[in-house]
Structure formats: C-alpha cells, structure tokens
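My entries are below, in the order in which I made them.

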Amino acid sequence: QRSQKILLKLLLNAAHCYLKLQMPKKACIVCKEALEIENNTKALFRFGKAKRMLEDYEGARSFLIKAQRQAPKDMSIAEELRSLEDKLEKDRKSTRLNSS
C-alpha cells in the first residue's frame, strides 16, 4: 500500500517532467500506469494535456472532463478545458469555411 503511494507520486512526477520536455507519448504511458494504481485527478489532467499535445483532442477532452468532475474547483483544469474547447471551435469554424 505504501509502496503503491510512492510509485504513484513518482509516476505523476515523471508525467509532469515528460510534459515539460515535450514528450507526450511517454507522459501518456506513465499516466496510464498511474491510473492503474488509483483514479487520480493529476493523472487524468496530465493525460489530457499529453493527449492534446499529440493532437488527440477528443481523448484530451475526455480525460480533462473526468479530471474536472473529480476537482470541479481546480482552475488549471478549467483553463485547460476552456482552451481546448476554444481550439475545437476554431477548427470546426475553419472546416466549415473550407468546405463552403
């Protein structure tokens, strides 16, 4: 139990580092491992950020919404989700303009 908590912290720290180093695939791997230990808000948030970096916007949205459900008052989650929604809306508008 204690070793699982320590491992979870290490995985979350690794995910944070991978995101800072612009290595989203590695961040996804360690976030997945973290979520196998515990349904953790930070792991969901970081997984969402990594998915966005990989341009998997729907996957990113899914993880960020799960994170927000667990921590509805967390402003960084709300900001990331709002930013992602803005990006998706711009993409939809440009797709409509290009197909006209």
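**Basis.** I am working with a predicted model, in which local features need pLDDT of at least 70 and side-chain atom pairs count only at pLDDT 80 or more, while totals for chains, interfaces and linings use all residues. Residues are numbered from 1 along each chain as its sequence is written, and side-chain values use heavy atoms, with hydrogens and water left out.

**Overall.** I listed the secondary structure and got five helices and zero strands, in the order α-α-α-α-α from the N terminus. Helices here are DSSP runs of H or I with at least four residues, strands are runs of E with at least two, and numbering starts at the N terminus. The C-alpha trace spans about 60 × 30 × 20 Å along its principal axes. Of the 100 residues, 33% are buried; buried means under 20% relative accessible area, exposed over 50%, and partly exposed in between, with a 1.4 Å probe and protein chains only. I also looked at contacts between residues at least 6 apart in sequence: 49% of these join residues at least 24 apart. Contact means heavy atoms within 4.5 Å.

**H2 against H3.** I took helix H2 (residues 24-37) and helix H3 (residues 41-53) next; their axes come within 9 Å and cross at roughly 155°. That makes H2 roughly antiparallel to H3. Axes are lines fitted to C-alpha atoms, for helices over the stretch in contact, and angles run from 0 to 180 degrees between N-to-C directions. Angles under 35 degrees count as roughly parallel, over 145 as roughly antiparallel, 65 to 115 as roughly perpendicular and the rest as oblique. The contact includes Cys-28, Cys-31 and Leu-35 of H2 and Leu-44, Phe-47 and Ala-50 of H3. By class I noted eleven nonpolar, no polar and three charged residues in the contact of H2 with H3. Ala, Val, Leu, Ile, Met, Phe, Trp, Tyr, Cys and Pro count as nonpolar, Asp, Glu, Lys and Arg as charged, and the others, Gly among them, as polar.

**H3 against H5.** The axes of H3 and H5 are 11 Å apart, at an angle of about 25°, and the two helices are therefore roughly parallel to each other. I find Thr-41, Phe-45, Lys-49 and Arg-52 of H3 in contact with H5, where the residues include Ile-77, Glu-80 and Leu-84. The classes in the contact of H3 with H5 are three nonpolar, three polar and four charged.

**Rings.** Which aromatic pairs does the whole structure hold? My search found one. The rings of Phe-47 and Phe-63 have centres 4.1 Å apart and planes at 20°, so the pair is stacked. Rings of Phe, Tyr and Trp (its six-membered ring) pair with centres within 6.5 Å; planes under 30 degrees apart count as stacked, over 60 as edge-to-face and the rest as tilted. Phe-47 lies in H3 and Phe-63 in helix H4 (residues 57-70), so the pair ties together parts 16 residues apart in sequence. Phe-47 is buried at 9% relative accessible area, and Phe-63 is buried at 15%.

**Single residues.** Glu-80, in helix H5 (residues 75-99), is buried at 16%. Leaving aside neighbours within four places in sequence, I list Phe-45, Lys-49, Arg-52 and Leu-64 as contacts of Glu-80. Ser-62, in H4, is partly exposed at 34%. Its C-alpha atom is 9.1 Å from that of Leu-44, 18 residues away along the chain.
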